[in-house]
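Please look through the sequence and the model first.

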Amino acid sequence: MVKHVILWQLKDELSGEEKETVKDGIKEGLESLQGKIPGLIDIKVNKKGLESSNADVMLDSTFEDEAALKGYAVHPEHVAVADGKVRPYTKNRVCLDFEV
């Protein structure tokens, strides 16, 4: 199996209320991909970091293998969520993919 973990920082110009709305949209959009993408075993979004955090949102997902992760990256439903709910509102993305 392969883990795909991403941390995002939201854009500074977003108000606190806008950030909450954006985080809700990211969570809803990404978690809605469960059962729609071949090889995607589990997908969860955490949007409730402690004050000590320097990221706003975390994606924690698990795939059958690296090929499934590559398929996810280009899957039209994932691309739609990424382009519509994530990329327009984030200023920084850090990713770690690893085998488990």
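The model is predicted. Its largest pocket holds about 270 Å³ of space. The pocket is lined by 17 residues, and those closest to its centre are Ile6, Trp8, His78, Arg87 and Arg93. Strand S1 (2-10), helix H2 (66-74), helix H3 (76-86) and strand S4 (90-99) each give two or more residues to this lining. S4 gives the most, with five residues.

The lining of the largest pocket divides by class as follows.

| Class | Lining residues |
|---|---|
| Nonpolar | nine residues |
| Polar | four residues |

In soluble globular proteins, nonpolar side chains tend to be buried together. Here the largest nonpolar core has 21 residues. Trp8, Ile26, Leu30, Leu33, Leu59 and Tyr72 have the most contacts inside this core. At least two core residues come from each of S1, helix H1 (16-31), strand S2 (40-46), strand S3 (57-63), H2 and H3. The most come from S1, with four residues.

Leaving out residues up to four places away in sequence, Trp8 touches Ile26, Leu30, Ala55, Asp56, Val57, Leu59, Val86, Thr90, Asn92 and Arg93.

Thr62 is part of strand S3. Thr62 counts as buried because its relative accessible area is 8%, under the 20% cut-off. With residues up to four places away in sequence again left out, Thr62 touches Met1, Val2, Lys3, Gly39, Leu40, Ile41 and Asp42.

Key:
Residues numbered from 1 in each chain as written. Predicted model: local features only at pLDDT ≥ 70, side-chain atom pairs only at ≥ 80, totals over all residues. Heavy atoms only, no water. 1 Å grid on protein atoms, 1.4 Å probe; cavity = no way out; pocket = protein on both sides within 12 Å on 5 of 7 lines; lining within 4 Å. Points joined across faces, edges and corners; volume = space filled by probe spheres on them. Nonpolar A, V, L, I, M, F, W, Y, C, P; charged D, E, K, R; others polar. Core = buried A, V, L, I, M, F, W, Y, C linked by side-chain atoms within 4.5 Å. Buried < 20%, exposed > 50% of the residue type's maximum accessible area, 1.4 Å probe, protein only. Contact = heavy atoms within 4.5 Å.
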